[in-house]
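Welcome! Take a look at the sequence and the structure, keep a pencil at hand, and try each exercise before you read its solution.

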2 protein chains.
Amino acid sequence: MVATTQSLEELCINAIRFLAIDAVEKAKSGHPGLPMGAAPMAFVLWDRFLRFNPKNPKWFDRDRFVLSAGHGCMLQYALMYLTGYDTVSLEDIKQFRQWESQTPGHPENFITEGVEVTTGPLGQGICNAVGLAMAEAHLAARFNKPNCKIVDHYTYAILGDGCNMEGISGEACSLAGHLGLGKLIALYDDNHISIDGSTDLAFTEDVGKRFEAYGWQVLHVENGNTDLPAIEQAIATAKAENDKPTLIKVTTTIGYGSPNKANSHDVHGAALGADEVQATRENLGWSHPPFEIPEDVLSHFREAVDRGASAETEWSQLWVRYQSEYAEDAAVLGGMMQGKLPEGWDKALPTYTPDDKADATRNQSGATLNAIAGVLPGLIGGSADLAPSNKTLLKGFGDFQKGQYENRNLRFGVREHGMGAICNGIALHGPELIPYGATFLVFTDYMRGAIRLSALSHAGVIWVMTHDSVGLGEDGPTHQPVEHVASLRVIPQLTVMRPADGNETSAAYKVAVENRKVPTLLALSRQKLPNLAGSSIEKAVKGGYVLSDSDGTPELILIGTGSEVSLCVEAAEQLRASGIQVRVVSLPSWELFDAQDEAYRESVLPKAVTKRVAVEAGSSFGWYRYVGAEGAVIGVDEFGASAPGDLVMEKYGFTVERVLKTAKAVLS
Amino acid sequence: MVATTQSLEELCINAIRFLAIDAVEKAKSGHPGLPMGAAPMAFVLWDRFLRFNPKNPKWFDRDRFVLSAGHGCMLQYALMYLTGYDTVSLEDIKQFRQWESQTPGHPENFITEGVEVTTGPLGQGICNAVGLAMAEAHLAARFNKPNCKIVDHYTYAILGDGCNMEGISGEACSLAGHLGLGKLIALYDDNHISIDGSTDLAFTEDVGKRFEAYGWQVLHVENGNTDLPAIEQAIATAKAENDKPTLIKVTTTIGYGSPNKANSHDVHGAALGADEVQATRENLGWSHPPFEIPEDVLSHFREAVDRGASAETEWSQLWVRYQSEYAEDAAVLGGMMQGKLPEGWDKALPTYTPDDKADATRNQSGATLNAIAGVLPGLIGGSADLAPSNKTLLKGFGDFQKGQYENRNLRFGVREHGMGAICNGIALHGPELIPYGATFLVFTDYMRGAIRLSALSHAGVIWVMTHDSVGLGEDGPTHQPVEHVASLRVIPQLTVMRPADGNETSAAYKVAVENRKVPTLLALSRQKLPNLAGSSIEKAVKGGYVLSDSDGTPELILIGTGSEVSLCVEAAEQLRASGIQVRVVSLPSWELFDAQDEAYRESVLPKAVTKRVAVEAGSSFGWYRYVGAEGAVIGVDEFGASAPGDLVMEKYGFTVERVLKTAKAVLS
């Protein structure tokens with residue numbers, strides 16, 4: 001394999017390989033195998049196709065690149081350094097996987113500008129890419145003009161065997177095929193190796209045929225190690241297909257160039273070791289010391305800087321023309337591009353009084369979505385095949401379908417995890433869109449990987465979760481969330497809201513819409529709830545507040561969330577009638593309440609009042625922080641049961657009588 | 001469609017339909033659409049193929065039937081009543097979806113004997129079926145003799161569009177194809193309707209082609225509504241294919257027979273309403289009142305009782321012969337069938353002293369698995385492509401592969417959720433096998449749907465989760481669990497253990513293996529931990545115990561789990577040196593500790609000692625229950641970071657210094 005003279009492109013590819021090899025070697029940790037094998041396809045893509053501006057990674061109309069096989073992140077960092085991103089310097093590469101470096105062990109968009117999405121958990125990236133392509137298709141359909149394509153970019157992803165084994169990728173890719181996302185191009189690094197060894201151990205399906213079944217164009221580059229023209233031709237063919245996404249299966253050798261470890265799982269996730277690094281240098285004819293890039297190689301890569309600047313300039317000129325010719329649309333799109341919420345948008349939020357009819361918060365959520373869709377041009381979303389139950393359809397905004405990408409109702413099918421990652425992709429396309437995704441609360445279990453990543457990667461998705469307790473009734477324990485609210489509260493950077501009535505539901509949307517950098521999850525009731533005296537948007541956005549109070553210092557505080565607040569209200573009235581000073585606190589969001597200042601929290605839950613009862617139709621886990629040692633929690637610490645919802649709630653103790661009895665026990 | 005004379009089989013099929021229609025109508029809740037459309041295929045399957053004994057639903061060698069589209073459970077309840085199961089009477093059917101009935105809103109194996117697995121969350125059932133078929137294949141390969149097939153049954157599943165959209169089904173079906181599970185036969189109720197409406201909204205892939213890509217035989221019954229011979233022929237063809245699982249796509253009309261609601265989503269999940277029920281009666285020529293089954297129909301169905309008794313008798317005779325001819329194997333299989341753990345099996349558990357080398361609990365887990373595999377003939381399992389990291393390979397027991405089903409190492413591929421549901425299926429095949437499934441702890445997020453179902457459905461799976469904290473280091477926040485231990489503790493009926501050293505790891509396996517009716521999840525370290533003085537299997541199985549103590553009543557209790565217990569030990573030594581009375585409590589399992597009697601708990605954590613510090617490299621959520629108002633928690637309430645593990649632990653405050661400082665603050 002030793003070449004006495006190497007072409008510039010071979011040198012470029014080896015430069016990528018050795019940056020990866022040497023960075024992993026220095027860190028004594030990381031994944032050299034994928035960068036070594038996928039360097040050729042990545043080089044061809046970045047050198048000849050990818051439109052981006054290294055000096056402005058956030059340029060609006062850039063192509064999006066997603067490394068779905070995120071463990072191979074040195075591939076991306078190498079390309080970012082070589083093409084001139086300021087966010088990844090040579091020094092940063094030397095700091096690969098070190099504390100507070102710009103080059104963490106998997107690509108993290110919130111650390112490294114220019115990384116579009118956070119990948120690593122397998123399968124997520126390709127689904128994010130589907131979301132990115134949907135965002136592009138949507139914005140293009142809404143804003144492009146026959147003579148002015150202001151939105152016009154491709155989404156590229158590199159994924160591996162692991163991504164293709166994960167069910168989540170099947171979900172989103174099936175949907176991508178259904179939607180005919182022609183500007184989505186995925187390169188499948190078909191290297192036949194995973195951590196356990198050969199894919200012959202567990203993965204012998206025909207991936208190409210499967211993607212054809214999804215409605216994709218499938219191409220095959222048989223020699224992805226050295227046949228650059230074939231890679232180039234395949235990407236060109238992919239770009240030429242407008243009606244289908246394309247999977248390019250690129251057969252490669254993992255760890256290409258390593259004489260003793262290539263094509264084995266040893267090269268997947270560990271440093272090669274000094275001897276093998278040296279042997280690989282010799283084998284590939286790379287005589288340069290670690291982290292030294294030949295001048296001609298670097299200057300070739302750095303042409304991307306001028307190329308990118310020109311591309312952005314050209315686009316900026318288009319944007320100037322767009323603004324002049326299509327001022328109205330430009331104003332909308334311009335605002336979306338800046339992530340500005342329209343002034344006074346929140347005036348559209350419905351408000352309620354106790355005279356308004358009792359209603360399920362899922363219905364009030366539906367009403368709110370419809371009320372704000374008109375004033376929030378970026379609001380787009382849907383349900384994982386539960387739209388009639390989740391109440392998430394935006395009336396008059398049509399279904400987002402092939403050829404109708406301008407519409408704003410997304411139909412995800414029964415694909416919760418894929419939906420989650422797609423919503424993350426839409427959110428991370430840029431500040432233009434505010435995505436929401438919906439299912440039953442219990443099925444957050446199916447999409448927790450994506451919900452966690454929304455929190456980690458600063459994706460301001462709105463998660464609309466209905467049927468939020470055993471109160472949903474007959475569907476029984478498989479459908480009744482018990483531990484879910486608690487298990488979501490524990491995810492960092494996720495705001496959970498469980499509103500008690502219409503005003504609190506509006507408040508939840510106020511929080512969710514304004515939270516553009518963290519996701520918000522709404523837990524909504526299936527069953528009807530009264531609109532409470534004392535609730536308001538202003539109070540509820542604080543996460544917790546005094547809903548009703550006796551005169552003077554209370555002897556007892558009843559704390560409720562969601563459907564159980566009204567129980568607290570009723571119990572408080574009876575207790576007050578018997579002369580007990582009772583406060584009712586509604587606590588729709590622990591995260592928001594905990595973020596209030598000490599004085600406010602003390603004003604709501606005074607330390608001196610130690611007699612407290614919390615009521616929530618969910619796990620008591622974590623509640624003792626609020627009720628303390630002398631308090632009590634009425635919760636559900638077992639699985640639910642199939643029966644009419646009212647009866648289940650009664651059997652599980654969600655009755656005024658139980659609250660009264662517990663309150664009296666706490667007071668005694 | 002009105003027929004003046006109907007064949008007996010038509011009547012039988014209508015009997016199923018009307019039991020479903022009338023039960024849903026009476027409950028005013030449920031899903032009539034699937035039973036109405038799938039009744040013909042279910043009738044043919046149950047009447048002509050399924051080998052079962054209604055009077056002994058647990059007969060060892062029965063065929064397994066899984067209704068993966070669990071919402072259609074009235075289909076199964078109707079068949080169970082009609083064929084003579086004692087667990088589903090006509091009265092039970094009238095009590096559909098009522099409190100404490102035998103006929104809950106989705107099939108629940110722990111409620112209704114004869115239901116094999118708990119379904120409802122879509123996609124789980126077909127994956128359970130893959131697990132059931134793997135269990136059969138394994139037991140058959142190990143125990144069958146050329147002249148004596150003591151294990152010889154099929155696994156049938158009915159799944160719908162929703163199951164096919166879920167990624168989990170793709171994961172398990174890809175694996176089933178890889179494994180060539182010839183005795184797995186899935187009937188796909190292809191009715192083109194899901195909750196949102198037509199599958200044209202989101203699901204237009206070629207499902208058959210996808211399954212062919214997985215390596216399945218795919219057959220198509222074009223008219224599943226009335227063409228019973230075609231259904232019969234397809235099942236026969238499926239049974240004749242020994243090398244591949246079979247998908248029979250059966251095209252049907254949802255809600256078949258309802259003149260105004262058939263082929264619409266209105267019939268999917270709600271009662272038809274009195275008028276439409278009447279119209280359907282007229283349309284299908286069914287004149288019988290609700291819950292009345294004509295005698296000839298019932299007696300035809302009830303032939304299943306004699307048929308089943310004969311089948312079981314025949315098998316019992318075979319078993320007698322097997323016991324006599326193959327006494328040794330029969331003893332093993334007989335013990336497994338009774339779910340008996342071999343006497344003294346736990347003597348194989350390794351024990352450790354502080355002199356033993358420090359080691360990661362994942363390594364000790366691997367050693368334990370290998371130590372007990374020889375004495376537990378039913379132990380079988382593997383990892384979702386992380387065997388080298390999870391340390392789950394059983395040496396000398398080979399890989400379970402096509403043609404090598406007798407082996408005990410399962411290779412799941414990167415398919416966590418599929419793995420979870422497959423393990424549930426293996427566990428619920430019967431008491432014979434003790435399955436374990438492994439991945440990184442953070443990826444429990446990918447398989448939470450299946451973990452929850454293991455707890456709900458009494459599947460005694462061992463979940464082996466390694467890399468249990470930010471201490472795993474360089475892979476960074478996408479791979480570092482933070483909230484996971486807390487989020488798993490909150491699942492009812494799941495025992496979580498986070499062992500601190502080798503003895504506690506052995507204790508975790510003692511608990512897990514003996515827990516045959518609930519799952520146990522082990523959270524294990526990537527990094528090395530010292531073997532602690534004072535730890536033992538006997539103490540650790542109590543969930544919490546005094547690891548070390550000062551004389552007399554302690555002033556302070558340090559509580560740790562897993563990798564943080566040794567920090568508590570070191571801190572305690574220093575505190576004691578400065579004259580403070582300190583107790584160290586190791587608390588590997590909250591669930592087990594909480595289940596101890598009050599006296600024991602008080603002996604470990606005396607109420608009078610209110611100065612407490614808990615140390616766990618995970619969310620502090622829930623810990624206040626143990627440390628109380630005067631205590632403190634050293635935890636991780638934010639996402640992790642990419643850097644060497646020791647440094648991350650130090651940066652996140654897991655140092656002796658921090659424990660000392662916190663302890664002093666608590667004491668002051």
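**Exercise 1. The interface**

How much area do chain B and chain A bury between them, and what percentage of it is on carbon and sulfur atoms?

*Solution.* Keep in mind from the start that this is a predicted model.

Step 1: The size of an interface is often given as the accessible area lost when the parts come together.

Step 2: For chain B and chain A the buried area is about 7,900 Å², and 61% of it is on carbon and sulfur atoms.

Step 3: Now count residues. On chain B, 98 residues are in contact with 98 residues of chain A.

**Exercise 2. Charges and polar pairs across the interface**

Find how many salt bridges join chain B and chain A, then describe which kinds of residue make up the side of chain B that touches chain A.

*Solution.* Step 1: The count between the two chains is 10 salt bridges.

Step 1: The side of chain B that touches chain A is made up of 42 nonpolar, 29 polar and 27 charged residues.

**Exercise 3. A listed active site**

Is Glu416(A) buried or exposed, and which residues does Glu416(A) touch?

*Solution.* Step 1: Start with the record. An unreviewed UniProt entry lists Glu416(A) as "active site".

Step 1: Glu416(A) lies in helix 15 of chain A, which covers residues 416–428.

Step 2: Check accessibility. Glu416(A) counts as buried because its relative accessibility is 4%, and the cut-off for buried is under 20%.

Step 3: Look at the surroundings. Setting aside residues up to four places away in sequence, Glu416(A) touches several residues of chain A, including Glu171(A), Ala384(A) and Tyr446(A). Glu416(A) also touches Glu166(B), from chain B.

**Exercise 4. A listed binding site**

At which residues does UniProt place the feature "binding site", and what is the largest C-alpha distance in this group?

*Solution.* Step 1: The unreviewed UniProt entry gives Asp161(A), Asn191(A) and Ile193(A). They are spread over 33 residues of sequence but cluster in space, with a largest C-alpha distance of 7.5 Å.

Step 1: Take Asp161(A), found in helix 6 (residues 161–165) of chain A. Asp161(A) is buried, at a relative accessible area of 4%. Among the residues that Asp161(A) touches are Asn191(A) and Ile193(A).

Step 2: Turn to Ile193(A), in strand 4 (residues 193–194) of chain A. Ile193(A) is buried too, at 10% relative accessibility. Beyond Asp161(A), the contacts of Ile193(A) include Ser198(A), Asn263(A) and His265(A).

**Exercise 5. A residue in a loop**

Where in chain B is Thr444(B) found, and which backbone oxygen does the side chain of Thr444(B) reach?

*Solution.* Step 1: Thr444(B) sits in the loop between strand 11 (434–440) and helix 16 (448–456) of chain B.

Step 1: Thr444(B) counts as buried, because its relative accessibility is 2%.

Step 2: The side chain of Thr444(B) reaches the backbone oxygen of Leu441(B) at 2.7 Å.

Step 3: Leaving aside neighbours within four places in sequence, Thr444(B) is in contact with Ile451(B), Met465(B), His484(B), Leu488(B) and Leu521(B).

Notes: Residues are numbered from 1 along each chain as its sequence is written. Chains are lettered from A and ligands numbered from 1 in the order in which they are written. This is a predicted model: local features need pLDDT of at least 70, side-chain atom pairs count only at pLDDT 80 or more; totals for chains, interfaces and linings use all residues. Side-chain values use heavy atoms; hydrogens and water are left out. Contact means heavy atoms within 4.5 Å. Buried area is the accessible area (1.4 Å probe) that two parts lose on being put together, summed over both. A salt bridge is a side-chain nitrogen of Lys or Arg within 4 Å of a carboxyl oxygen of Asp or Glu. Ala, Val, Leu, Ile, Met, Phe, Trp, Tyr, Cys and Pro count as nonpolar, Asp, Glu, Lys and Arg as charged, and the others, Gly among them, as polar. UniProt positions are given in the numbering used here, feature names are shortened, and annotations may be inferred rather than shown by experiment. Helices (H or I, at least four residues) and strands (E, at least two) are DSSP runs, numbered from the N terminus. Buried means under 20% relative accessible area, exposed over 50%, partly exposed in between (1.4 Å probe, protein chains only). A polar contact is a pair of N or O atoms within 3.5 Å; within protein, one must be able to donate a hydrogen and the other to accept it, and residues adjacent in sequence count only if both atoms are side-chain atoms.
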